[in-house]
Amino acid sequence: MAFLIKPKEASAMQSYDDIYKTTGAFSWTELVTPDPQAALAFYGQMFGWTSEAMNMGQGDYHVIKAGGTSVGGIMSAPPDAQGAPAMWCAYVTVPDTDAAVDKCVALGGRVCAGPMDIPSVGRFAVLQDPQGAVFNVIAYVPPSA
């Protein structure tokens, strides 16, 4: 069952780009999978997504686009996660990744990975809530003026 929660008018997002600046917004999602090409084919047919490959040093990262807007990514599992099942990972925007990590731990959560930097993108960490749900937090690098 889903619930719709209306944000306060002062904090309402005005455009899609605001998700990268709005604390608490789900701003990115990525699929970690053993077969990125099969996933690209499936989701391309399912949703009409297109993609753009970027070499990230450990293999290609495929930025997925809906209507020309970048909305997420698809990548191979990193070497330390080989054999793990395919899964979607959500990123939540925060103003300070290190502060979010400290707060998560103080609230009974744990740190699974990071914090670490993604050059020219931001700083992120993989966290787990006290019930076991895993999520990512990210503080984006401000866009160049």
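Me: Not counting residues up to four places away in sequence, what does W88 touch?

Reply: W88 touches T29, E30, L31, Y43, W49, I64 and G73. Touching here is contact, meaning heavy atoms within 4.5 Å. The model is predicted: local features need pLDDT of at least 70, side-chain atom pairs count only at pLDDT 80 or more, and totals for chains, interfaces and linings use all residues. Residues are numbered from 1 along each chain as its sequence is written, and side-chain values use heavy atoms, leaving out hydrogens and water.

Me: Where does W88 lie?

Reply: In strand β5. Helices (H or I, at least four residues) and strands (E, at least two) are DSSP runs, numbered from the N terminus.

Me: How far is W88 from E30?

Reply: Their C-alpha atoms are separated by 5.6 Å, though the two residues are 58 apart along the chain.

Me: Back up a bit. How many helices and strands are there?

Reply: The protein chain has 2 helices and 8 strands. Along the sequence they follow the pattern β-α-β-β-β-β-α-β-β-β.

Me: Now the rings. How many aromatic pairs?

Reply: There are 8 aromatic pairs. One of them is Y43 with F47, whose ring centres are 6.1 Å apart with planes at 10°, so the pair is stacked. Rings of Phe, Tyr and Trp (its six-membered ring) pair if their centres lie within 6.5 Å; planes under 30 degrees apart count as stacked, over 60 as edge-to-face and the rest as tilted.

Me: How far apart are Y43 and F47 along the helix?

Reply: About one helical turn, because they are 4 residues apart in helix α1 (residues 36-47).

Me: Is Y43 buried or exposed?

Reply: Y43 counts as buried, at 17% relative accessibility. F47, at 49%, counts as partly exposed. Buried means under 20% relative accessible area, exposed over 50%, and partly exposed in between (1.4 Å probe, protein chains only).

Me: And what kind of pair do W49 and W88 form?

Reply: That pair is edge-to-face, with 6.1 Å centre to centre and 80° between the planes. W49 lies in the loop between α1 and β2 (50-55) and W88 in strand β5, so the pair ties together parts that are 39 residues apart in sequence. F42, Y43, F47, W49 and W88 form one aromatic cluster.

Me: Different topic. Which residues make up the largest nonpolar core?

Reply: It has 12 residues: W28, V32, Y61, V63, M75, A77, C89, Y91, F124, V126, I138 and Y140. At least two residues of this core come from each of β1 (26-33), β3 (60-66), β5 (87-93), β7 (122-128) and β8 (134-140). Another core, of 8 residues, lies apart from it, with V94, A100, V101 and V137 among its members. A nonpolar core is a set of buried Ala, Val, Leu, Ile, Met, Phe, Trp, Tyr and Cys residues joined through side-chain atoms within 4.5 Å.

Me: How much of the chain is buried?

Reply: Buried residues make up 31% of the 145 residues in the protein chain.

Me: What is V126 in contact with, leaving aside its neighbours within four places in sequence?

Reply: V126 is in contact with R110, V111, C112, A113, V134, F135 and N136.
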